[in-house]
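Here is a friendly walk through one protein model, written for someone who would rather look at the fold than at a list of numbers. Keep the viewer open and follow along.

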Amino acid sequence: MLTIYGVPVSVHTRKVIVTALHKGLQFRVEPVIPFNPPANWAELSPTGKIPVADIDGFNLADSAVICGYLDRLHPAQPIYPQDAKAYAQARWFEEYAGAVLFREMIHGLFLNQVIKPAILKQPTDTAAVSTILADVVPARLAYLEGALTRDYFAGGQLSIADIAIASNLVNFHYLGYEVDKARYPKLAAHFRRMLANKAFAAALEAEKGAAESMKLDRSFLGVPA
Ligand SMILES: N[C@@H](CCC(=O)N[C@@H](CS)C(=O)NCC(=O)O)C(=O)O
């Protein structure tokens, strides 16, 4: 049995959920909010972060490690390419999604627009939000736009790279922003392609209640491709 500890609106938890859905695995999500964790959390998550997975009693923290393990355990419907170069590209974009898109963009925006006002009862740092939007977002999205030479980021087919990048962009849209079609046409089309992906769409449908309760903006989901 696969148990995923985390919340589905978390970028990294969603990566694992989409991977499990893509592979047709049975799983359950045990809700954990890192700002208000359960008593045994330090044992389960050495970093304190979500997600953590319990796979038949084998615990793993870190979404990339979990997804890599699930891919080896269940090789059908692979999300890491076999080809060495394509594999390296998929890992690179997965890394870029976590270390750059999430850490430099989404974390600060989500913290200030949702977590601080709604959970921590702290004021939003509007200057930090403006700086991210003006100084970080354009260059990061432009890089992805330039890197997309085919329909998918690595090896011409769906991989963890696409799941990881689109998962960040979901939260970007949840906050009321969008990937501007005029400025980033390939990236915007890629995002729409991911929204139409069966596993990705199922994950977003399953987190509908959580997103609505947090008053996140789901209007982008009604926009046709
Ligand atoms: N490298 C980790 C990053 C996980 C991560 O940053 N999780 C966020 C939620 S998406 C979190 O737990 N944030 C709370 C914190 O930083 O304390 C992974 O890929 O699992």
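Predicted model: local features only at pLDDT ≥ 70, side-chain atom pairs only at ≥ 80, totals over all residues.

## Helices that cross

Helix H5 (residues 126–147) packs against helix H7 (residues 185–196) at an angle of about 80 degrees, and their axes are 7 Å apart. That angle makes H5 roughly perpendicular to H7. From H5, the contact takes in Leu 141, Leu 144, Glu 145 and Gly 146, while H7 brings Pro 185, Lys 186 and Leu 187. The residues of this contact of H5 with H7 split into four nonpolar, one polar and two charged.

| Helix pair | Angle between axes | Distance between axes |
|---|---|---|
| H5 and H7 | about 80 degrees | 7 Å |

Next, find helix H6 (residues 160–174). Its 15 residues reach 21 Å from the first C-alpha to the last, close to the 21 Å expected at 1.5 Å a residue. Is H6 mostly covered or mostly open? H6 is mostly covered, with 15 of its 15 residues buried. Just after H6 comes Gly 176, with a positive phi of about 100 degrees.

In the loop between H5 and H6 you will find Ser 159. Ser 159 has a relative accessibility of 1%, so it counts as buried. Leaving aside residues up to four places away in sequence, Ser 159 touches Ile 79, Pro 81, Ala 90 and Ala 154.

## The four-stranded sheet

Now turn to the strands. They form an open sheet of four, in the order E2-E1-E3-E4, with mixed pairing. Strand E2 (27–31) and strand E4 (58–61) stand at the edges, and each has a single partner strand, so one side of each is left without a neighbour in the sheet. On average, and ignoring direction, neighbouring strands are turned by 20 degrees against each other.

E1 and E3 run antiparallel and are joined by four bridges. Within E3, Ile 55 stands opposite Leu 2. Ile 55 also stands opposite Phe 58 in E4. Strand E3 (residues 52–55) pairs with E4 in the antiparallel sense, again over four bridges. E3 and E4 form a hairpin with two residues between them, and in its turn Asp 56 has a positive phi of about 50 degrees.

Two helices lie across these strands. Helix H1 (residues 11–22) lies across strand E1 (2–6) and E2, running at about 160 degrees to E1. Helix H3 (residues 63–73) lies across E1, E3 and E4, and its direction is at about 135 degrees to E4.

## Backbone spots worth a look

Most residues other than glycine have a negative phi, and most peptide bonds are trans.

Which peptide bond is cis, with omega near 5 degrees? The bond from Ile 50 to Pro 51 is the cis one. Pro 51 sits in the loop between helix H2 (41–44) and E3.

Asp 62 has a positive phi, near 85 degrees, although it is a residue other than glycine. Asp 62 belongs to the loop between E4 and H3, and its relative accessible area of 42% makes it partly exposed. Gln 77 also has a positive phi, near 55 degrees. With 45% relative accessibility, Gln 77 counts as partly exposed.

How values were computed: Residues numbered from 1 in each chain as written. Heavy atoms only, no water. Axes fitted to C-alpha atoms, helices over the stretch in contact; angles between N-to-C directions. Parallel < 35°, antiparallel > 145°, perpendicular 65-115°, else oblique. Contact = heavy atoms within 4.5 Å. Nonpolar A, V, L, I, M, F, W, Y, C, P; charged D, E, K, R; others polar. Expected span 1.5 Å × (residues − 1). Buried < 20%, exposed > 50% of the residue type's maximum accessible area, 1.4 Å probe, protein only. Pairing = 2+ DSSP bridges.
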